[in-house]
Structures are given as C-alpha cells and as structure tokens.
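Trainee: Could you take one part of this model and walk me through it closely? I'd like the geometry, the packing and the charged contacts in one go.

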Amino acid sequence: MKIRINTSPLRKLSTKLGKVSRLMEQEREDVIIRHGQELLDAVRRHASGRPGPNVVTGAYIGAMVLTYRDGGAYVSNPSPQTNRLEYGFVGVDSLGRLYNQPPLPHFAPALAEVRTKFIADLAGAPLRAWRRA
C-alpha cells in the first residue's frame, strides 16, 4: 500500500502568503503616505483661523513640514511659537512680559480628525493585499 500526500496546495499557499506579505508592506506605506499628507493639510486648515491661530503673514503655516521616517509620517513646525499656540502660555517670559495666552490648538484637532480614517484604512490593508496577490 502506498500513501501519497500532495503538498502542491501548501506550496501554492506559501507562495501566495509571501506575495501577500510583500504587498502588505506596500499597502502600509501607501496608507502612511496618504494620511500623512491628509494630516499636514488638516493641521494647516486648523491653523488658519479660529478656533486655531489666525493667519497674519502665512509664514507659520508655510513652515509646517511633513517628514517620513522610522515607518511613520510626522507633521511638525519648527517655529518658536508652535508650543505657545497649541498649548497656550500663562506667566512671565524671559523678557519679563506677562502673558495670559489661551491655547489655540491646531495639531490635536487635526490628528483627531484624521486618526479614525487612518486606522480604518490601515485595518483594510491586509484584505487589499490578499485581493491583489
């Protein structure tokens, strides 16, 4: 009596899983790039008037930067007023001036706006990769 085990379906599955793995990485990168740009646009929009900061010269919004590193997208602004605008400032500054500046958040609301769509899009990446494979 001979017993034969056909492993052909397993090889096909293994090949497909390898392809899905590569496609998953591409899907993840695409989602990060797409939503990184969306986050930058949302931060700029929230920094363009109340309840965020008012636009005076446009230099603050123009200084916003989108960078990709360590597998993520980062929106930042190197301007010295960034933290004061986002979180407010109460107290005396280094020049002895007294401030009672309320927060004018624009990063936090933009992140809240984009977060749900980003998570949903990222969660759909495995299925999109499987369908493409």
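Mentor: Let's start with length: helix H4 covers residues 107-123, and its 17 residues at 1.5 Å a residue should span 24 Å, which agrees with the 24 Å between its end C-alpha atoms. The expected span here is 1.5 Å times one less than the number of residues, and helices (H or I, at least four residues) and strands (E, at least two) are DSSP runs numbered from the N terminus. Before going on, some ground rules: this is a predicted model, where local features need pLDDT of at least 70, side-chain atom pairs count only at pLDDT 80 or more, and totals for chains, interfaces and linings use all residues. Residues are numbered from 1 along each chain as its sequence is written, and side-chain values use heavy atoms, with hydrogens and water left out.

Now the bend. H4 has a kink of about 35 degrees centred on Val 114; the bend at a residue is the angle between axes fitted to the seven residues ending there and the seven starting there. Val 114 is also among the buried residues of H4, along with Phe 107, Ala 110 and Asp 121 (buried is under 20% relative accessible area, exposed over 50%, partly exposed in between, with a 1.4 Å probe and protein chains only). Those buried residues pack against helix H1 (8-46), helix H2 (59-62), strand S2 (72-76), H3 and helix H5 (125-132).

On the H3 side, look at Glu 86, which sits in helix H3 (residues 82-87). Leaving aside neighbours within four places in sequence, Glu 86 is in contact with residues including Phe 107, Ala 108 and Pro 109 (contact means heavy atoms within 4.5 Å). The side chain of Glu 86 also reaches the backbone nitrogen of Ala 108 at 3.0 Å. Glu 86 is buried but has no salt bridge, and the nearest side chain of opposite charge, Arg 115, is 11 Å away. A salt bridge here is a side-chain nitrogen of Lys or Arg within 4 Å of a carboxyl oxygen of Asp or Glu; for charge, Lys and Arg are positive, Asp and Glu negative, while His and the chain ends are not counted.

Asp 121 is another story: it is buried, at 17% relative accessible area, and its side chain meets that of Arg 34 in a salt bridge (2.8 Å, N to O). Arg 34 lies in helix H1 and Asp 121 in helix H4, so the pair ties together parts 87 residues apart in sequence. Arg 34 counts as partly exposed, at 42% relative accessibility.

How values were computed:
Polar contact = N/O pair within 3.5 Å; in protein donor to acceptor, adjacent residues only side chain to side chain.
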